[in-house]
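Have it open while you read, and take the points in any order after the opening one.

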Amino acid sequence: MVSFKSIALSASFAAAVSAESLADCLTADSNLEVFTPSSADWETVITPFNKRLLNTFIPAALVKPANAEGVSTAVKCAAAAGVHVSPRSGGHSYAAAGLGMRNGSLVVDTSRMNHVSVDSNGVATAGTGTLLGDYALTIGLEGWAMAHGTCPTVGIGGHVGYGGYGLDSRLWGLALDHVIEAETVLASGEIVTVNKDTNPDLFWAIRGSAVSFGITTQYKFQTHPAPETSIEFIYAYTWVCPFDHSSYHLTLSSALQS
């Protein structure tokens, strides 16, 4: 099994990149949108979801690949330059894990890979930059559904890669239980198909520990026929803050499919 901790590159590629900067290597591939500290949008693209961690982790560069080939190039460039690689999907990590959890990482942001489609058998195909809300609406309009979380702006890359618990999980399990195939870029830059028959060990590994073994760029899910009826519910509760004893009245509204 190849991991990002054991990177094997051809000597010719490593030698070629050693004469260039990481940015030069990345900008040579038209499949990549490249951001560096000198880019006008740099502060915007590296701002974490949790603002309390603003400027805690500063990447060396950030790229937004258009496809798996772009991810492959980014991984090779980073490996040859000795730079840590960190994939990011929706960027919702409260620990800002997508920024690498250290300074000087290359962030591979998959947000441009946000395509969604579903066939007549309920097999949905989605890029890992797709947001949950867009995914749910797309398959729902075609009459299909699956278990996943409720926040519409969470990216499916991290959500599915580590679980994906939602209101339908008692019925259908986790989001990752619906994965039947994936397209994954390994630490070597190789792009592989992963399913129960092809690379079965990797298929097992990416469903729960995704980024430890590669960057998944696309998932295929087996979805379910959407229920014809649903139950909408609202509940309210009072929470007393243990620090200043102020009362916060919170109302949560959700929909449960029957």
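1. Start with Arg207: its charged end sits over the ring of Phe203, 3.8 Å from the ring centre. (The test for a charge over a ring is NZ of Lys or CZ of Arg within 6 Å of the ring centre and within 35 degrees of the ring normal.)

2. Before you go further, keep in mind that this is a predicted model, in which local features need pLDDT of at least 70 and side-chain atom pairs count only at pLDDT 80 or more, while totals for chains, interfaces and linings use all residues. Residues are numbered from 1 along each chain as its sequence is written, and side-chain values use heavy atoms, with hydrogens and water left out.

3. How many aromatic pairs does the structure hold? There are 3, where a pair means Phe, Tyr or Trp rings (the six-membered ring for Trp) with centres within 6.5 Å; planes under 30 degrees apart are stacked, over 60 edge-to-face, and the rest tilted. Phe49 and Tyr94 make an edge-to-face pair, 5.4 Å centre to centre with 80° between the planes. Phe49 is in the loop between α3 (42–45) and β2 (61–65) and Tyr94 in the loop between β3 (85–88) and β4 (106–109), so the pair ties together parts 45 residues apart in sequence. (Helices are DSSP runs of H or I, at least four residues, and strands runs of E, at least two, numbered from the N terminus.)

4. (Buried is under 20% relative accessible area, exposed over 50%, partly exposed in between, with a 1.4 Å probe and protein chains only.)

5. Elsewhere, Tyr135, Tyr219 and Phe221 form one aromatic cluster.

6. The whole structure has 1 disulfide, counted as a pair of cysteine sulfur atoms within 2.5 Å. It joins Cys25 to Cys77, S to S 1.9 Å, and is left-handed, with -75° about the S-S bond. Cys25 lies in helix α2 (residues 22–27) and Cys77 in helix α4 (residues 68–81), so the link ties together parts 52 residues apart in sequence. Cys25 is buried at 8%, and Cys77 is buried at 0%.
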